[in-house]
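Here is a short report on one chain. Look over the sequence and the fold before reading on.

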Amino acid sequence: MKDLIQLFKEQFSHLELIYKLAIFNIKSEYSNHYLGIFWNVLQPALQVGLYYLVFGLGLRSVRADVDGIPFIIHLISGLFPWLFISQSINRGSNAILSKLSIVTKMKFPSSTLLSINFFNSLINLMITTAFLFVLSVFHHYVPWWHYFIFFYFVFASYVFIFGISLIMSTLTVLVRDTRNLLQNFIRMCFFLTPIFWTVEHSTPLMQKITGLNPFTYLVGIYRSAFTHAEVPMYGTWQDHLYFWCLSLLMLYFGSKIHFKFRNRLVDYL
């Protein structure tokens with residue numbers, strides 16, 4: 001518990017640094033591109049177009065709506081949070097390894113690198129979510145208070161992603177194969193998460209699998225903020241309990257692993 005408290009103290013005491021470096025990374029990432037930061041919109045748009053062409057027009061045929069919501073809206077309300085989550089985890093797992101030479105020369109905690117990568121992805125999510133928010137308001141998909149669920153989604157995502165990143169960023173330095181395993185795991189979870197399909201229309205076995213998938217919970221929370229008005233918030237109390245127990249467990253073990261190897265990671269290069 002002491003390690004966990006220390007980790008969050010490091011994040012709060014370096015909030016200004018985290019914010020400035022996140023903005024700097026966004027600017028520098030596209031500094032040599034003609035379209036610049038517009039790629040933050042163009043890349044998700046291209047993926048939405050591809051998946052809509054395949055799963056919307058191709059496989060679904062005339063079945064255009066999902067629970068009264070146009071399939072394209074259902075798709076982007078699942079794809080936008082998924083891109084944010086997967087990008088945050090992949091970047092977070094490589095955050096320390098990619099900056100290890102800087103961490104060993106400068107006096108700032110390496111755990112802040114994980115928050116910097118999270119806020120980079122969050123900025124991208126805010127841009128794409130603004131588009132979905134406008135559509136949701138225009139079509140009156142949900143009551144106004146549903147939009148505040150988005151802030152819960154960000155908080156829950158941070159706790160979950162930070163816990164995974166603590167574990168994977170350390171293991172990636174210790175065992176390089178870990179990153180490849182993580183990428184394949186994320187790719188598998190993409191198809192096990194109801195992004196372009198629905199849990200209700202799947203088989204009982206798939207419903208059980210998705211029930212154990214924490215990405216399903218996060219995508220469901222995001223959707224309930226913008227498109228699902230039939231329930232106050234996605235999930236039962238068992239879903240919430242399972243997600244938070246898993247997230248806090250990963251945070252706890254992640255903090256232990258992080259502090260155990262933090263000062264010796266350069267020895268494994």
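Helix α4 is largely enclosed by the rest of the structure, because 20 of its 23 residues are buried. The helix covers residues 71–93. From first C-alpha to last, α4 reaches 33 Å, close to the 33 Å expected at 1.5 Å a residue. The model is a predicted one, so these values rest on modelled coordinates.

**Overall fold**

The chain has 12 helices and 2 strands. Along the sequence, the pattern runs α-α-α-β-β-α-α-α-α-α-α-α-α-α. Of its 269 residues, 48% count as buried. Among contacts with a separation of 6 or more, 79% join residues 24 or more positions apart.

**The nonpolar core**

The largest nonpolar core holds 64 residues. Ile89, Phe153 and Phe160 touch the most other members. Helix α8, residues 149–174, gives the most to this core, with 14 residues. What does Phe153 touch, beyond residues up to four places away in sequence? Its partners are Pro81, Phe84, Ile85, Leu125, Leu218, Ile221 and Tyr222.

**Cavity and pocket**

A search of the whole structure finds 1 cavity of 30 Å³ or more. The largest cavity holds about 40 Å³ of space. Its lining consists of Ser88, Gly92, Leu114, Asn117, Phe118, Tyr158, Ile161, Phe162 and Ser165. Helices α4, α7 (112–139) and α8 each supply at least two of the lining residues. The most come from α8, with 4 residues.

The second largest pocket holds about 480 Å³ of space. It is lined by 25 residues. Val199, Glu200, Thr216, Gly220 and Tyr234 lie nearest its centre. Helices α10 (204–211), α11 (214–226) and α12 (237–261) each supply at least two residues of this lining. The largest share, 5 residues, comes from α11.

**Individual residues**

| Residue | Relative accessible area | Class |
|---|---|---|
| Ser255 | 1% | buried |
| Cys189 | 5% | buried |
| Leu192 | 23% | partly exposed |
| Cys245 | 45% | partly exposed |

Ser255 sits in helix α12. Its relative accessible area is 1%, under the 20% cut-off, so Ser255 counts as buried. Neighbours within four places in sequence aside, Ser255 is in contact with Asp3, Leu4, Leu7 and Leu166.

Leu192 belongs to helix α9, residues 177–192. Is Leu192 buried or partly exposed? At 23% relative accessibility, Leu192 is partly exposed, because buried means under 20%. Beyond residues up to four places away in sequence, Leu192 touches Trp197, Met206, Ile209, Thr210, Asn213 and Thr216. Thr216, another partner of Leu192, is among the residues nearest the centre of the second largest pocket.

How many disulfides does the structure hold? The count is 0. Cys189 is buried, at 5% relative accessible area. Cys245 is partly exposed, at 45%.

Methods
Residues numbered from 1 in each chain as written. Predicted model: local features only at pLDDT ≥ 70, side-chain atom pairs only at ≥ 80, totals over all residues. Heavy atoms only, no water. Core = buried A, V, L, I, M, F, W, Y, C linked by side-chain atoms within 4.5 Å. Buried < 20%, exposed > 50% of the residue type's maximum accessible area, 1.4 Å probe, protein only. Contact = heavy atoms within 4.5 Å. Expected span 1.5 Å × (residues − 1). Disulfide = S-S within 2.5 Å. 1 Å grid on protein atoms, 1.4 Å probe; cavity = no way out; pocket = protein on both sides within 12 Å on 5 of 7 lines; lining within 4 Å. Points joined across faces, edges and corners; volume = space filled by probe spheres on them.
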